[in-house]
Amino acid sequence: MSATGNPKVSIVIPTYNRRDRLHNTLHQLTRQVPGTPEFEVVVSDDGSSDDSATVAKSFADRLNLKYTYQEDLGNRVALARNNGARLATAPILVFLDTGAIAGPDFVLQHHLAHSNGSPRHALAGYAYGYNPGDPMVQVPDLLKRFTPEEMVEVYGRVHEFLDSRELALLRCDDDLTRRSVPWLVFWTINCSVHTDDFWAVGGFDEGHRGWAVEDLDLGYRLHRSGLPLHFTRKAWVIEEHQDRVFDEQYEEFQANMLRFVTNNPEPVNEIGWTVAVHENMFWSWEEDNKDLERYTDEVRGLDVSAEVELALRGVSATDRVVVIGAGGALPESMPAATVMDFDRELIERVAATGRHVTHHSLGLRTPLADQSADIVILTSRLAKFWRRWEDQFMIEARRIGRDVRCLVP
């Protein structure tokens, strides 16, 4: 591959003390098929103390390669990816994890997906072997015997070798536009996006520390910006098995999910935070959100103003009141309050009156501070979700207020 200084694709690889896997990842990028467009590789080191820098620079004669290093202040992979992206010069950014072994037409397929006049989108790619819950531990040994393409040919139907997103992808025929939470499967082990679209949403949130969520966060913001999320099996990788310390990583995951829902407060993300952190049911996020969408339409005409008026009896003019599940109409006599509803259309109708502070929120994790209210009213509009999440609704209501008045039957 000749280097003209005008690469079409920039591949950003964050790394930390994984010299051997970094070598394997870079080596496979030297095996790209003829006709691959010119590309550059940026290795962004999150403070390695091994000789990862030497390994990266040893490929300088075979790859158009850049290397950047940041001090080791704990896992700061979001910052590392951004720092790598800041050095990138191509119009298309591809993010690839250390230990991800790219297929021989990996770069070509990512490039083609964003070329030939195709509409702008962000693209997630398949990751064979990425199955932390039931890993195929022999993958590293098999990769010593087979090329990556031979591995896919021989083991491509073996359950343990499939991407852990396989079932979710089958349910939508790989069409993420059919999913209500498409960012749930947008993972940075293997993904790509136009560089200007990436920076238009601010890149990765550098406040994320530790394992996971920074990629969901990016996917969410890309999606909310109007950029469709797509999926491909053509630009695939194989992840070498790696040991994970799940107890430590889960604590990091919880903290990052809380940051995500705090920075992006809306019902769909409250559901994600609840099912992932409190129920350990990450994959139910999609169906739970579809239930919310259906129920929102069903109860759009449910007026709870009468029950709110009853709940307000005895409330003083100085009491700070929060109503969760307010709907689109409130008592005329109601003093200024903070009101929330899961129906964006209805809560915007309330906001237009200018009488109350409003939030588009389901009430599982609100944007309010601890003990910021005197009285919290939970209305019957929450009935559909009550059996499933009663405990979480009550925990949240008690977090934000001292007196909780529950009207859910």
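This is a predicted model: local features need pLDDT of at least 70, side-chain atom pairs count only at pLDDT 80 or more; totals for chains, interfaces and linings use all residues.

Reader: In which sense do strand S6 and strand S8 pair?

Author: Two strands pair if DSSP finds at least two bridges between them. Here S6 (residues 122-128) and S8 (residues 229-239) pair in the parallel sense, over 6 bridges.

Reader: What is the order of the strands in the open sheet?

Author: The 8 strands follow the order S3-S2-S1-S4-S7-S6-S8-S5, and their pairing is mixed. S3 (64-69) and S5 (100-102) are at the edges with a single partner strand each, so one side of each has no neighbour in the sheet. From one strand to the next, the twist averages 30 degrees.

Reader: Which strands does helix H3 lie across?

Author: Contact means heavy atoms within 4.5 Å. Axes are lines fitted to C-alpha atoms, for helices over the stretch in contact, and angles between N-to-C directions run from 0 to 180 degrees. Helix H3 (residues 77-87) lies across S1 (9-15), S2 (39-45), S3 and S4 (92-96), and runs at about 145 degrees to S2. Helix H6 (residues 148-155) also packs on the sheet, where it touches S5, S6 and S8, and its direction makes about 105 degrees with that of S8.

Reader: How are two packed helices described?

Author: They are described by the angle between their axes and the distance between the axes. The axes of H12 (residues 285-298) and H15 (residues 383-400) come within 10 Å and cross at roughly 155 degrees. The two helices are therefore roughly antiparallel, a term for angles over 145 degrees. Asp 288, Leu 292 and Tyr 295 of H12 make the contact with residues of H15 including Phe 385 and Trp 389.

Reader: Is Thr 195 buried or exposed?

Author: Buried means under 20% relative accessible area, exposed over 50%, and partly exposed in between (1.4 Å probe, protein chains only). Thr 195 is buried, because its relative accessible area is 14%. Thr 195 belongs to helix H8 (residues 195-200).

Definitions and conventions
Residues are numbered from 1 along each chain as its sequence is written. Side-chain values use heavy atoms; hydrogens and water are left out. Helices (H or I, at least four residues) and strands (E, at least two) are DSSP runs, numbered from the N terminus. Angles under 35 degrees count as roughly parallel, over 145 as roughly antiparallel, 65 to 115 as roughly perpendicular and the rest as oblique.
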